[in-house]
Amino acid sequence: MKLSLNWLRELCPVDLSDEEVARRLTLAGLEVEGTEKRALPAGVVAARVTVKTPIEGSDHLNLCQVDDGAGVHQVVCGAVNYAAGDLVPMARPGAVLPGGKEIKRARLRGVESEGMLCSARELGLGDDHSGLLMLPRETRPGTPLDALLGLPDTVLEINVTPNRPDALSHLGIARELSALTGVPINLPAQRLPHGLVIAAAARVDVEDAQRCPRYLARVIEGVQIAPSPLWLQERLRSCGIRPISNVVDATNLVLLELGHPLHAFDLDQLAGARIIVRRAHEGEPLTTLDGKERKLTADDLVIADGEKPVALAGVMGGQTSEVSSGTTRLLLESAVFEGAGIRRTARRQALHTEASHRYERGADEGMAAQAADRCAELIVQLAGGTVLPGVIDLYPSPRPAAHIWVRPARVSAILGATVDAVEVDKRLRSLGLEPMDGMPERRLWKAPSWRRDLTREIDCVEEIARQRGLDTIPVEVPKAGVGETAAVPPDRVATSAARAALSARGFDEVLNYSFVAERDLDALWPDEGAPRAMRVANPLTVEQGAMRWSLLAGLLRNLGHNLARGARELMLYELGRVYLAHPDPRHPRGLLSWPDHEPRRLSLALTGQAAKRWTSAPAALDFYDCKGAIEDVLAALAVPQIEYSLAPIATLHPASCASLTVDGTVAGFFGQLHPQVAKAFDLPAHTFVAELDWELLLGKARPERKLHGVPRFPGIERDLAFVVDESVLAARMLAAIRAAETFGLLEHVALFDVYKGAPVPEGKKSIAYRLSLRAADRTLTDAEADGIVTTIKEQLREVLGAAIRT
Amino acid sequence: MIDEINRLLEEGKAELASASSEAQVEAARVKYLGKSGSLSALRKGMGKLAPAERPAMGKLVSEALSRFESLLKDQQHKIGEQALQRDLAREKLDVTLPGRSQKRGHRHPVSQALDDIVEIFARLGFHVADGPEIEWDLYNFEKLGIPSDHPARDMQDTFYLDLATQPEPPPGSPPTEGAQKQLLLRTHTSPVQARTMLAQPPPVRIIAPGKVYRCDSDITHTPMFHQVECLHVEQGLSMAHLRGTLDAFAKAFFGSSVKTRLRPSYFPFTEPSAEVDVSCAACGGKGCRLCKQTGWLEVLGSGMVNPDVLAGVGYDPEKVTGYAFGVGIDRLAMLRYGIDDLRSLFENDVRFLEQL
């Protein structure tokens, strides 16, 4: 909300600097988010146009003779909305306009111009640039514009939280400032005629008293519609409201001053001179003041006349009863509507107005009469006419005031600071609460009508805390109870170890949005049976329309983004949740665990070529870089029983796709991207990815390590190279080697070479192993080692047809 | 014979002296001391001498042999020393060439900050709790005192899920009206508060880190971001404990010179509520562009757990009190690393990521 400090000081004349006012409000919970200094440049004065003549050869420029009080000057002007005799703002040479433009004597079309006539926008007063700003005819030429507008002023932008509708006005903020400083509020009272005359002029019926607890109306006759005075226009503009006419401006001024929304109807346009507050009929049309025809629902509350809806209650007026230049008789509405209903209507119609904003948060029923009186008086001041004696006030069940028990001991306990009964008393009174009953240690308080948010003791605790300042609360670190000190949980420890392993290998961590383009998810699975994504009902863009069921959609986009920006070697990983439409039954679910439908995954994506280094030849990243990273991660987790097998999956190339099995359960897949997928993401064919089920891996992880002593007896190493058919898998050979040695002397087998080509025959490959042999209880002899090697050779020949390469 | 000894010794001496490599020294050794070496031969020749001559001559031969051996050792040592000197004097390496390097990976700044925050709170005695991101209206709003027509819902623009078949909402959910949706992307980590308290009696001392979502995107907002929720409910907790915990956290994360300030605010599920500012690290609180000349940076929302929330999960607000807060991790990461556009956190450009 925008707040004029000049206006605020009229209501609560504090002797504090602008900065101090802003600071105090902020520290009391009315956060000042911005400050705008409103002032006019020096050298802008009122001036009367005495002669206006078109400049030859120009279709829009006029040469004007202008009287600025000090003399007559000639000024060239391109605006069209004025005539000789009008008073307009003139910037004299030397004046610097907002935006830094300095006015100079200049020649336009060969004609000397000694200043500039200005629009509202050129003076920084508003957005209107349709013509010159028109000043009242009675203004004396030469009057500085500042004086006419009540400037300079400082406008604060205040963030009013939704619980404080009472602070959505200058009066509301003044009340706060008054409570903080003790300076009393200065609000003029109105005296309007009483009587019953109004009953003959208009009639009001409320059909839905629940949605409209109070409806109050006054009638004013004989008004004359005209522009408002400049000071009033400036007040509205400074608070972000466009001036329209004296009557409408008066309702808006009171809205900003007292916080209560008002609406003026042209009484002569109300059929039957009556108002009915009722629900709309389903589909009933209403054209609102913004010119939009709206279809209403039975949940919308309308103000109707004898025939039709004339306003969307609490949100916006209708066109048919709008105050126009010919209006003379007004029905002034000052009502209270129920917040939730207004909120539903405003959201349905996507119509957020100053009125709906306040009603949604809760209007002060006690303010309705005062606001109507203040506005009626203002209208008569601005537009003439008379207020008919009497008021229509339908308020069948006045809202009871909240009564709250407050215990100073409880206040102290919550705040952690001693607050005695005297202080509680002082602070609650300053906010308008009244003591009703009870003793100092427990007193009953009545909340003021404008503080609908105060209903419980805790609400009063908060008020006291705000008033005394939160910096008065001591700082105390809570003690951890014995045995309660929390440790970082094991799954976080394991996850950190895995991240460290990936960092060490050169993988960069990315974080993608959980929602992605649905077509990207579809592209990951160029085959039947693709998983179904859950959709976001109201995404910001279609690129964020579907919840990811795989991290790869994001990672592949990351590869593309970086390749397009010149990256050559990309190794990325993401560890995060995926979102499954069909829960994964392997994972638990319950109030505190949901991994069944939001399991974490660890995914890798890599492509390109390791950077050129002088120590090694550049090598393209491939399948085994991907697998190596996975092996490092699994080693960090210490998961048991790892197996890899060729297993087709739609995302991967059928010749280069592996599934990972841990302890008998499939825990992920990896391999080269399927050519179709690579193409869909515009990526090189040699792109490798992995996606691992992190919940499952963490379940299998064994973060606790046990250390063993080192062997006491020397071992023997033997290198062996076998020639086998190309189709024989490394895992098969390893298993055969291990099976051949049955005495437990084969400590370790390491594959160190794979070779194809001469002299190895076509269709064959050579695979070399280093065998580490050792006995735990003695020194192994060469003869024993020879025996084991011979057995292994024979076994492999028998089982796999392996020949020994010499 | 004596002459012969002397001659061989002199000859060998000269040969050793001229030897310039280990091989030449070895050749000399073989020539004089080998099995058929000439000095060795003298010993064999002793048999031919008269028995009376043998002791004296034997002594002379032995002396000659040991003399030669000693010369041999000296020469070997000399040549070894020369070789070492040559080796030390050989061409120097270019020590300024870069070392054999290994590409290093980088943590994402948000995930790094999140880990650090979890560790800080672990030290302060908080356990890690968690909850779903696709959340029921019940836990995200209702249980936190934000019914469906509440204006506080405007504070958090919500993403809803569009499912072909809406699953049955949990008991106690607000009535479904028209197209109103029950499943949403959680707008804060606060639903973990309700879930945790519903699942266990007090005391509760948890943090809940995770992703949250709001329909908003500009330089300081992304539609997805990260929060850590902190909740502590126990007997005898006051706002002083809230301040103490916040202060300890801010000092651990930003450094011991940082100051914190509480400013009254409003959150439906806490009361009293407060925004928490930390003194601007960029200018030390003097006022700069980052802190908009205020010297303070807003980092989180906090407060005492609203008694209605405690009652709503079956706790007795007269017996236990609590405090809670939610920290925007992305914002903290932004402040810590001096990032000026929040959106750059989720572009995942390696030129950005590899700076950490």
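Colleague: How do the residues lining the second largest pocket divide by class?

Modeller: In this predicted model, that lining has 21 nonpolar, five polar and seven charged residues. Ala, Val, Leu, Ile, Met, Phe, Trp, Tyr, Cys and Pro count as nonpolar; Asp, Glu, Lys and Arg as charged; the others, Gly among them, as polar. Local features need pLDDT of at least 70, side-chain atom pairs 80 or more, while totals for linings use all residues. Residues are numbered from 1 along each chain, chains are lettered from A, and hydrogens and water are left out of side-chain values.

Colleague: What makes a space a pocket, and what a cavity?

Modeller: On a 1 Å grid over the protein atoms alone, a cavity is a set of points where a 1.4 Å probe fits but cannot get out; a pocket is an open set with protein on both sides within 12 Å along at least five of seven lines. Lining residues have an atom within 4 Å of a point. The second largest pocket holds about 1,300 Å³. Of its 33 lining residues, Y624(A), K627(A), Y644(A), A730(A) and A731(A) are the closest to its centre.

Colleague: Which residues lie nearest the centre of the second largest cavity?

Modeller: T161(A), N163(A), R164(A), R466(A) and S265(B), out of 13 lining residues. That cavity has about 80 Å³ of space.

Definitions and conventions
Points joined across faces, edges and corners; volume = space filled by probe spheres on them.
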